[in-house]
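Have the sequence and the 3D view open as you read.

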Amino acid sequence: MSGRINKPDTPADKKLRNCLKTKTSFVMIAGAGSGKTTSLIKSLKYIEETEGINLRQEGKKIACITYTTAAEKEILDDVGHDSFFHVSTIHSFLWELIRPFQKDIKKWVSSKIDSKLEELQEARAKFSNRTWQSTRDNNKLETAKYLHMKENFHTVSEFQYETGSKYLDGILGHSDIIAMAPQMIISNPLLQIILSNKYPYFFIDESQDTIPEFVKAMKVVQMNVKNFCLGFFGDPMQKIYHTGSGAIVIETGWQEIRKPENFRCSKNVLDVINKIRALGDGLKKQTGGRKMFVDGEWQLINGSAQIFILQADERHAEKIALVRSYLADQLKDPLWKSDKKEADLKVLVIEHRIAANRLKFAELYSAFKDSSTDSLSMSFSEGTSWALMPFLKYILPLINAYRNGEHFQVVNLLRQYCPLLQKSHLQLPESEPSKILNELKVHLEIINKLLKIESPATVENLFSYLESNNLISFDDRIRTRLNKASKGSLEDEDISVTDQVIANFFKCPVFQVWGYERYLNEESPYSTQHSIKGAEFNRVMVVLDDEEGRRSTSYSYERLLGIKELSDTDVTNAGNGRETSQDRTRRLFYVCCSRALTDLAVVLFTNDPRSAKKAVTETGIFKKNSIKIELDISNEK
Ligand SMILES: Nc1ncnc2c1ncn2[C@@H]1O[C@H](COP(=O)(O)OP(=O)(O)OP(=O)(O)O)[C@@H](O)[C@H]1O
């Protein structure tokens, strides 16, 4: 048992235990670093100690839904990897739950095919003489595809869950699970009983970013069954994904649990995050701050929180290095200059063009970022894009394992994702397992070569190879585009933005996906501002550069800090009580700054540092003597 499990109790922990004793559902709402995940972990242990023996005998478990697999691992590390605690991400939890309900799954998929056909029919009805021929062709192709599915659907006997959907092969994708499972829970009382019997305690961490349909489904379970304790742990101010629920509405009879403290951040960092938040939801200031045991007593750590306002130009990387070097001297802390993991330093950037150049995935980056849609661009940064999933889930782990001689892992991944090793294929009379395995060995070597740094292969070359050899089942969105690409029709002028992005993606040298993977896995001090949910580091640098993130209208630090006027859309949205880019940016800024345990440095790149300094000073977020300009750091040298 390590880390958070032994932290001292707070009044909130006691309140939470009362909820557990009385099986009262609850929502814990508290700011960054207040110890929400810590309270969650302690409550898991508490249930184990008080009811563990009985619950285990009855075959029951405690469910805990986390946002990422990294968070899942952290919690399991704390509670000792005991299967009594069913800690998992939402996708794998939902699939395990609905998997036995094959009939209902089939019904759902069948109605999805029908509604797809209806959608296509409606689109056709709106065609006019101004409709592009390629749009008509596309509709025709899609209609034929779904009609074929409808006709042959009766042949599918069982569904599996993989990365992309391929209904006639009985394969569902991520988005199917997320769309189907909450609906099934809501409409199936038996499923509600099974769920609550197996998991009498059900906790959801980072609830602000959990999808609303799942929250709704779990609330239905809680309303319909007895002896079920549903608990949400979250902070609306930390909602950074557009699909998140935000604040969870507290139902009658539920408890609201607040945690007023902050245990993570030094005093100066805490002052800054309190001010950022005050401009948003006005939550009462968090109290406390990080303490250290020195000379026999607990002492508050002062730390530092400064902002550096710099001229935006092409010397971006050089200037970041200059600030790091300045901080190393000023704080007498050479680790500010180190890129090593042990330095516990993170540089948080909104987009990652510099890192993309450094890590050699510039073309891939540009395919998803230049003239892209908000959703494609954002999911690229978040590592959740459907287009890249085949690499992240299957191809790269597979080739990594192959290169390291990890045969067990290679077979595991092939079993999970390769159609040739699926039960349905192996049961065919002509399938000979030993022959398939020999063929796979040859394929693996070819894929390995295609993915070498010196290989000229493109993404399309690799995808076509995988598809034509039945080594992968692609998401429909990839498959249709891949087939079109091989006929060359993607050169059409009438190409939608998504088509264009994917066409550019297909043309990228495929080895670049390694650099992209490193970037997502944070194997450099750089991380994106979206990827550090729940984490904490001693030294945090937050880089604010609207120019870098210019392809997304979702965020603008210059608008947040009053350097630029709000856009017309923001003004209209604010007038209608809708979310603005300022709201979104504030939440992201809050999450980033609140990751710092000791020292925080915000680096703002702007075209007009002088007026930016004035605007930043007026916000009152940073102390006057903590607002620095270029001259300050160069004078110091
Ligand atoms: N009761 C406590 N006493 C001392 N330290 C604590 C206590 N609770 C939590 N901490 C420490 O505070 C830090 C933040 O805790 P935790 O990650 O649980 O907060 P959180 O509210 O989930 O954070 P966030 O929402 O910002 O991700 C951790 O370093 C944790 O060890």
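Strand E13 covers residues 304–311 and is mostly covered. Seven of its eight residues are buried. This is a predicted model.

**Strand E13 and its partners**

- Strands of a sheet pair through backbone hydrogen bonds, and they can do so in a parallel or an antiparallel way.
- E13 runs parallel to strand E17, residues 596–606. Eight bridges join E13 and E17.
- Find Ala 305 to see this pairing: Leu 600 in E17 stands opposite.
- E13 also pairs with strand E18, residues 627–629. The sense is parallel again, over three bridges.
- Look at Phe 308 for this second pairing: its bridge partner in E18 is Lys 628.

**The six-stranded sheet**

- In what order do the six strands of the open sheet lie? The order is E3-E2-E6-E7-E1-E8, and the pairing is parallel.
- Strand E3 (85–89) and strand E8 (255–259) are the edge strands. Each of them pairs on one side only.
- From one strand to the next, the twist averages 15°.

**Inside the sheet: E2 and E6**

- Strand E2 spans residues 62–66, and strand E6 spans residues 201–204. They run parallel, joined by four bridges.
- Cys 64 has Phe 203 in E6 as its bridge partner.

**A helix on the sheet**

- Which strands does helix H4 touch? H4, residues 90–98, packs on the sheet and touches E2, E3 and E6.
- The direction of H4 makes about 115° with that of E3.

Notes. Residues numbered from 1 in each chain as written. Predicted model: local features only at pLDDT ≥ 70, side-chain atom pairs only at ≥ 80, totals over all residues. Heavy atoms only, no water. Pairing = 2+ DSSP bridges. Helix = DSSP H or I, 4+ residues; strand = E, 2+ residues; numbered from the N terminus. Axes fitted to C-alpha atoms, helices over the stretch in contact; angles between N-to-C directions. Contact = heavy atoms within 4.5 Å. Buried < 20%, exposed > 50% of the residue type's maximum accessible area, 1.4 Å probe, protein only.
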